[in-house]
Amino acid sequence: MSLLREKSSGLFSDRLVHEVDWSLVTGPFLDKKIPQGESVLDVIHRAIDFFKILNTFKQGETILVMSHGTFLRVLLALIFNESVEDYLLHFEYPNASYSVLCRTKDGRWHLERDALKKKEK
């Protein structure tokens with residue numbers, strides 16, 4: 001099971017929005033879980049595990065990371081100590097976009113190129 005996979009939609013997978021019984025999804029934002037799916041907190045735990053792996057690479061090494069928007073927004077929020085909820089509710093990655101994340105000599109991360117966009121209302 002890959003750490004980089006998209007947030008599981010469980011029983012709601014392959015359904016249109018109007019076909020979903022949203023009353024089944026209750027609780028605080030981070031804990032809401034679609035039946036047989038994942039919560040945001042589950043994705044946060046995967047992102048933390050992946051970030052530990054990412055931190056084992058040395059400055060200057062090239063690493064290609066391919067994933068989905070939800071996972072990447074959670075990962076960036078964690079790396080830059082931002083609100084996961086804010087990143088998920090107010091930002092998005094356009095399809096097929098990419099960002100370039102670099103590590104400085106002192107071990108800090110910075111975005112050299114960021115495709116993350118503010119969501120339109």
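**Helix packing and a charged network**

In this predicted model, α1 passes α2 in a right-handed crossing (the near helix is turned clockwise from the far one by less than a right angle; helices are DSSP runs of H or I, at least four residues, numbered from the N terminus). The two pack at an angle of about 65°, with axes 9 Å apart (lines fitted to C-alpha atoms over the stretch in contact, angles running from 0 to 180 degrees between N-to-C directions). On the α1 side, V43, I44, R46, A47, I48, F50 and F51 meet F71, V74, L75, L78 and I79 of α2, contact being heavy atoms within 4.5 Å.

Residues are numbered from 1 along each chain as its sequence is written. Local features need pLDDT of at least 70 and side-chain atom pairs pLDDT 80 or more, totals for chains, interfaces and linings use all residues, and side-chain values use heavy atoms, with hydrogens and water left out.

R46 pairs with E38, the closest N and O atoms being 3.0 Å apart, and salt bridges that share partners join R5, E38 and R46 into one network. For R5 and E38 the closest N and O atoms are 3.3 Å apart; both residues lie in the segment before α1, so this pair ties together parts 33 residues apart in sequence. E38 is buried at 8% relative accessible area and R46 counts as buried at 6%, while R5, at 26%, counts as partly exposed (buried is under 20%, exposed over 50%, partly exposed in between; 1.4 Å probe, protein chains only).

Methods
A salt bridge is a side-chain nitrogen of Lys or Arg within 4 Å of a carboxyl oxygen of Asp or Glu.
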